[in-house]
Amino acid sequence: MKLVWKPHMMKAISRAIFALFFVTMLSSGIGESRKSKIVTTSFEYNAINCRAHTASLTDFGGVGDGKTSNTKAFQAAISNLSQYGSDGGSELYVPAGKWLTGSFSLTSHFTLYLDKDAVLLASQDMSEWPTLSPLPSYGRGRDAPAGRYQSFIFGTNLTDVIITGENGTIDGQGAFWWQQFHRKKLKYTRPYLIELMYSDNIQISSLTLLNSPSWNVHPVYSSNIIVQGITIIAPVSSPNTDGINPDSCTNIRIEDCYIVSGDDCVAVKSGWDEYGIKFGWPTKQLAIRRLTCISPYSATIALGSEMSGGIQDVRAEDITAIQTESGVRIKTAVGRGGFVRDIYVKRMNLHTMKWAFKMTGDYNSHADSHYDPNALPEIKGINYRDVVAENVTIAARFEGISNDPFTGICIANVTIGLSAKAKKQPWTCADIEGMTSGVTPPPCSLLPDQGPQKISACDFPQEPLPIDSLELRKCASTVLLS
């Protein structure tokens, strides 16, 4: 019988041959090459909130070669993930690599997580930096009157925002900006590395911040903020590279941070002259714990000079400073108005300092010529205790304002070891009022020793700050990397 090949028979045989060929390729491993490009990674971290949805920057076209701009990838990723704000929130995972990007803005109920080998590189293309109006409590930009560049990582009117990682790195590549600043070629104020405005429930943790163009971390007009486990490094000669600057904020906790910078390691602020007075938003209920600072030309903790909205209830403890200009510095001036009161500092270790303490009313840097010369600041209730310092040039410089003395200064159980080149007069005091107990070398006559029975007079308040009730939880996530 002669076999006749009909069209439908030929199609069936062709399909069988193709199927056999495909199965053979799979068994030989050729089909696995595509699978091998898809992997998952898991990570854990502590956070104020965990997230229900996770994506990688590479899902949105991110390229971590250190050369390709990822500004659009970050914008697209955050825009897409914002849809989950009411559905358990979302997190964006930045994998290992060097991710060049311009400024980008965050969203609510969102976590930005950096892998331990991830580096965000700030773009030096000025077109990738939007500009903003001056902060209303400042009235003008700090570098130039016209306003300011948006910070590298920015957000406004947000709630529940986390920036964290496995000690991943954010590199502001600030040398470009420092050169522009020194050459007076900036039309706008330099960007900060991280700034969140008008926001609530913020966590910034477990990151390394390098070479910020200006201030590193700037929460402003915000509340319920945790900054924890941050390493900040910039050249000690870099201009205005403050570490952490809470500004007109309430309920803040700064813990376990290591800072080397060209300016104050922590600077507490609340607005500038008449603009800050009008805005009237103080910084209050701030805890600073286990801070290590190196800043040869500035302070470990500074209060002011922009303090026109007021600063109240600051509690700092377990502070270490090495080769830093001053331990605690209060900066203000005629025209500032506002107040700095109820400040408590204990357990400081200071090594190689110009001043252990400095508090002056002559910081005459003003926003403009329209400040009110009758706006005098109130400096009251400043408490330092349990301080050990060595190799110090000047124990303290306390100079209030004529007819506006700084009052309620309390210093107890403080030993300051002077350097070989120390000034003959270790204390400078004018227009101040207060007391001491157990202080070496003996302080000035305006701070009389009240004896050992008063050594507890400078102690912390007993009641905890509200921020201490905000606890972190363990979060675990898995992300698909393609």
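## Basis of the model

The structure is a predicted model, in which local features need pLDDT of at least 70 and side-chain atom pairs count only at pLDDT 80 or more, while totals for chains, interfaces and linings use all residues. Residues are numbered from 1 along each chain as its sequence is written, and side-chain values use heavy atoms, with hydrogens and water left out.

## Disulfides

A disulfide is here a pair of cysteine sulfur atoms within 2.5 Å, and the count comes to four. When the bonded cysteines are numbered in sequence order, they pair as 1-8, 2-3, 4-7 and 5-6. Helices (H or I, at least four residues) and strands (E, at least two) are DSSP runs numbered from the N terminus, and residues are called buried under 20% relative accessible area, exposed over 50%, and partly exposed in between (1.4 Å probe, protein chains only).

One of the disulfides joins cysteine 50 to cysteine 475, with the sulfur atoms 2.0 Å apart. Cysteine 50 lies in the loop between S1 and S2 and cysteine 475 in strand S28, so this pair ties together parts that are 425 residues apart in sequence. Its S-S torsion is about -90°, so the disulfide is left-handed. Cysteine 50 is partly exposed at 29% relative accessibility, whereas cysteine 475 is buried at 1%.

Another disulfide connects cysteine 265 and cysteine 293, at 2.1 Å from S to S, and because its torsion is about 75°, it is right-handed. Cysteine 265 is buried at 0% relative accessibility, and cysteine 293 is likewise buried at 0%. Cysteine 257, by contrast, is in no disulfide, and the nearest cysteine sulfur, that of cysteine 265, is 10 Å away.

## Salt bridges

Side chains of opposite charge can pair when their charged atoms come close. A salt bridge is counted when a side-chain nitrogen of Lys or Arg is within 4 Å of a carboxyl oxygen of Asp or Glu, and the structure holds 23 of them. Arginine 51 and aspartate 160 form one, with their closest N and O atoms 2.7 Å apart. This pair links distant parts of the chain, 109 residues apart, with arginine 51 in the loop between strands S1 and S2 and aspartate 160 in strand S12. Both arginine 51 and aspartate 160 are buried.

Lysine 269 and glutamate 306 form a salt bridge as well, with the closest N and O atoms 2.5 Å apart. Lysine 269 is buried at 3% relative accessibility, and glutamate 306 is buried at 4%. Elsewhere, a network of salt bridges links residues including Arg253, Glu317, Arg347 and Asp468.

## Backbone geometry

Most residues other than glycine have a negative phi, and most peptide bonds are trans. The bond from glycine 304 to serine 305 is cis, with omega near 5°, and serine 305 is found in the loop between strands S21 and S22. A cis peptide bond also joins threonine 440 and proline 441, where omega is about 0°, and proline 441 is placed in the loop between strands S27 and S28.

Asparagine 201, in strand S15, has a positive phi near 60° and is partly exposed at 23% relative accessibility. Arginine 347, a member of the salt-bridge network, has a positive phi of about 55° although it is not a glycine. Arginine 347 is placed in strand S23 and is partly exposed, with a relative accessible area of 33%.
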